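Please read the following report with the sequence and the model side by side. It moves from the chain as a whole to its helices, and then to a few single residues.

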Amino acid sequence: STPLHKMSSLMKLYQVVGRKAPTATDENPPAYRMKLFARNEVMAKSRFWYFMHQMRKMKKTTGEILDVNEIVEKNTNYVKNYGIWVKYNSRSGTHNMYREYRDVSINHAVETLYNDMAGRHRSRNKSIQIIKTATVAAKDCKRNSTIQMHNNKLRFPLPHRIMRPASKQVRSLYSANRPTTHFQ
């Protein structure tokens, strides 16, 4: 069967606030806030301690988590352009990268990023670090795959359409003619 950590589907944006545990010498240590993408709260806390150990002399045993919040996007009703700055480890070294995605939410764009990096560069989730994310205006987009979608006359043909009756009452159970599904 599938392990539990693989069953949760989408990456979510979390804000984790933590600090070094208060001691007799330092009763009120500074708190650090970090926004990061993870599948659940447990993974978010784990990533927080991973990065804090690299940046400050702090780890889980000497620190405490003050707060964990999931940040939810306000409007996911329309498509936006997202720019994501990434650092990842490959088999040959560490690389910086900028990628653009069009999606309705940053969570979906990051999920696409992880799948894309796995497919194109064979990179695992743990070797990818998201440095920064931003909503990019159409005029500031750099990648052709994103720019080609900015044409307002862009159309997607529907070559195989099956005509449906207006209501169930006017539907006929049997028809003498085969349906015409190709329209010019």
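A residue is called buried when its relative accessible area is under 20%, exposed when that area is over 50%, and partly exposed in between. In this predicted model, buried residues make up 29% of the 184 residues in the protein chain.

**The chain as a whole**

The protein chain contains four helices and six strands, and from the N terminus on these elements follow the order α-β-β-α-β-β-β-α-β-α. Whereas a compact globule of 184 residues would have a radius of gyration near 16 Å, the value for this protein chain is 24 Å. The box filled by the C-alpha atoms, taken along the principal axes, is roughly 90 × 40 × 35 Å. Among the contacts with a separation of 6 or more, 58% are between residues 24 or more positions apart.

The accessible surface of the protein chain is about 13,900 Å², and carbon and sulfur atoms account for 51% of it. The chain carries 34 positive and 12 negative charges, whose mean positions lie 11 Å apart.

| Helix | Residues | End-to-end distance | Expected span |
|---|---|---|---|
| H3 | 16 residues | 21 Å | 22 Å |

In H2, which covers residues 41–55, the buried residues are Ala44, Arg47, Phe48, Trp49, Phe51 and Met52. An α-helix has 3.6 residues a turn, so residues three or four places apart point the same way. The buried residues of H2 pack against E1, E2, strand E3 (63–71) and E6. Ser46, which also has its place in H2, is partly exposed, with a relative accessible area of 43%. The C-alpha atom of Ser46 is separated by 8.6 Å from that of Lys60, which is 14 residues away along the chain.

In H3, the buried residues are Ile106, Asn107, Ala109, Val110, Glu111, Leu113, Tyr114, Asp116 and Met117. These buried residues pack against strands E1 (12–20), E2 (31–38), E4 (80–89), E5 (94–103) and E6. Just after H3 comes Arg122, which has a positive phi of about 55 degrees although it is not a glycine. Arg122 is found in the loop that runs from H3 (106–121) to strand E6 (128–136).

**Two buried residues elsewhere**

Met58 lies in the loop between H2 and E3, and with a relative accessible area of 4% this residue is buried. Leaving aside neighbours within four places in sequence, Met58 is in contact with Arg19, Lys20, Tyr32, Trp49, Met52 and His53; of these, Trp49 and Met52 are also listed among the buried residues of H2. Met58 and Pro159, by contrast, are 101 residues apart in sequence, and their C-alpha atoms are 59 Å apart in space.

Thr146 belongs to helix H4, which is made up of residues 144–147. Is Thr146 buried or exposed? Its relative accessibility is 2%, and since buried means under 20%, Thr146 counts as buried. Not counting residues up to four places away in sequence, Thr146 touches Asn81, Glu100, Arg102 and Cys141.

Methods:
Residues numbered from 1 in each chain as written. Predicted model: local features only at pLDDT ≥ 70, side-chain atom pairs only at ≥ 80, totals over all residues. Heavy atoms only, no water. Rg over C-alpha atoms; globule rule 2.2 N^0.38 Å. Buried < 20%, exposed > 50% of the residue type's maximum accessible area, 1.4 Å probe, protein only. Contact = heavy atoms within 4.5 Å. Areas by Shrake-Rupley, 256 points an atom, 1.4 Å probe, with all protein chains shown as cover. Lys, Arg positive; Asp, Glu negative; His and termini not counted. Charge placed at Lys NZ, Arg CZ, Asp CG, Glu CD. Expected span 1.5 Å × (residues − 1).
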